[in-house]
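How are two packed helices described? The following explanation considers the angle between their axes and the distance between those axes.

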Amino acid sequence: MNENYNISASPHIRDKATSSNLMLMVLIALLPATIFGIYNFRHENAWLLVVVTTAVAVLSEYIYQKLMHKPVTIKDFSAAVTGLLLALNLPPTLPLWMGALGSIFAVIVVKQLFGGLGQNFMNPALAARCFLLISFTGRMTYFVYDGVTGPTPLANMRAGQAVDTMTMLLGNIRGTIGETSVLAIMVGAMFLLLMGVIDLRVPGTYIVTFVIFITIFGGHGFDAQYITAHLCGGGLMLGAWFMATDYVTSPITSRGQIVYGVCLGLLTGLFRLFGGSAEGVSYAIIIGNLLVPLIEKITLPKPFGKGGEK
């Protein structure tokens, strides 16, 4: 009983990983989807929208922090990740000024006004996408592939039409810049898993819950083609692996992450099957972000020692 214990404030566990390293790995993981999207929508010059939204996001953070006399944090790559994620969630034909406006909204309104990295209460890129969707619905729902306009495969499914799941898997379809190729998205997701940046709790629970929901309420039973089409269509995979797993806006407890994933799966299924839009991932994640404080409150582990039991 003569041992001496050093009492100090948290954190008690430290790691060599830094915010900049983590954000850089996310950028690398997004490259396959970005490159495919730029190639897939080369006739619409998608690369311009990617460059503009990413550059404006970084520039907005730099200017705001300079004006507010705060430390400039653009070297942590978080603004670049926000700008790139926003670009991947936009249709390739969106006017450049709308993409720039979305980047400013994401960085200034959602991120910086709430204290910067680690303080934002919802995913900045998705918040900006929802902002643009509400403000410019016509342009945000105008999709082109190979110069031909038309509905997305999810919209065709909602109308009762047949879709080609193999084409959806490869990504040669209409949609936003980064959501079309599931293969490209999964290459990046596997990189994040192998590097230990994310784990399977949130995306795995999200996807399984969504599959169970559409199996029960979709009217097709356990139809593999119907389920695959739903998983490959829209932004579900991009959202599940790259936005639902955001450290800042997702729960930190293991049980909380599972509850969070279940909520996202239920909300996405509800919006897709019974809502007014064929999509639903963006709104599901935004609502899930708002529920995180409640989720963490009910899943918080009991403190160790005296007074832990209430």
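The model is predicted.

Helix 9 spans residues 182-194 and helix 12 spans residues 236-243; their axes lie 10 Å apart and form an angle of about 15°. Angles under 35 degrees count as roughly parallel, and helix 9 and helix 12 are therefore roughly parallel to each other. Their crossing is left-handed. On the side of helix 9, the contact involves Val 182, Ile 185, Met 186, Gly 188, Ala 189, Leu 192 and Leu 193, which meet Met 237, Leu 238, Trp 241 and Phe 242 of helix 12. Sorted by class, the residues of this contact comprise 10 nonpolar, one polar and no charged.

Helix 4 contributes Met 98, Leu 101, Gly 102, Phe 105, Ala 106, Val 110 and Lys 111 to the contact, while helix 5 supplies Pro 124, Ala 125, Ala 127, Ala 128, Phe 131 and Leu 132. The residues in the contact of helix 4 with helix 5 divide into 11 nonpolar, one polar and one charged.

Technical notes: Residues numbered from 1 in each chain as written. Predicted model: local features only at pLDDT ≥ 70, side-chain atom pairs only at ≥ 80, totals over all residues. Heavy atoms only, no water. Axes fitted to C-alpha atoms, helices over the stretch in contact; angles between N-to-C directions. Helix = DSSP H or I, 4+ residues; strand = E, 2+ residues; numbered from the N terminus. Parallel < 35°, antiparallel > 145°, perpendicular 65-115°, else oblique. Left-handed = near helix turned anticlockwise from the far one by under 90°. Contact = heavy atoms within 4.5 Å. Nonpolar A, V, L, I, M, F, W, Y, C, P; charged D, E, K, R; others polar.
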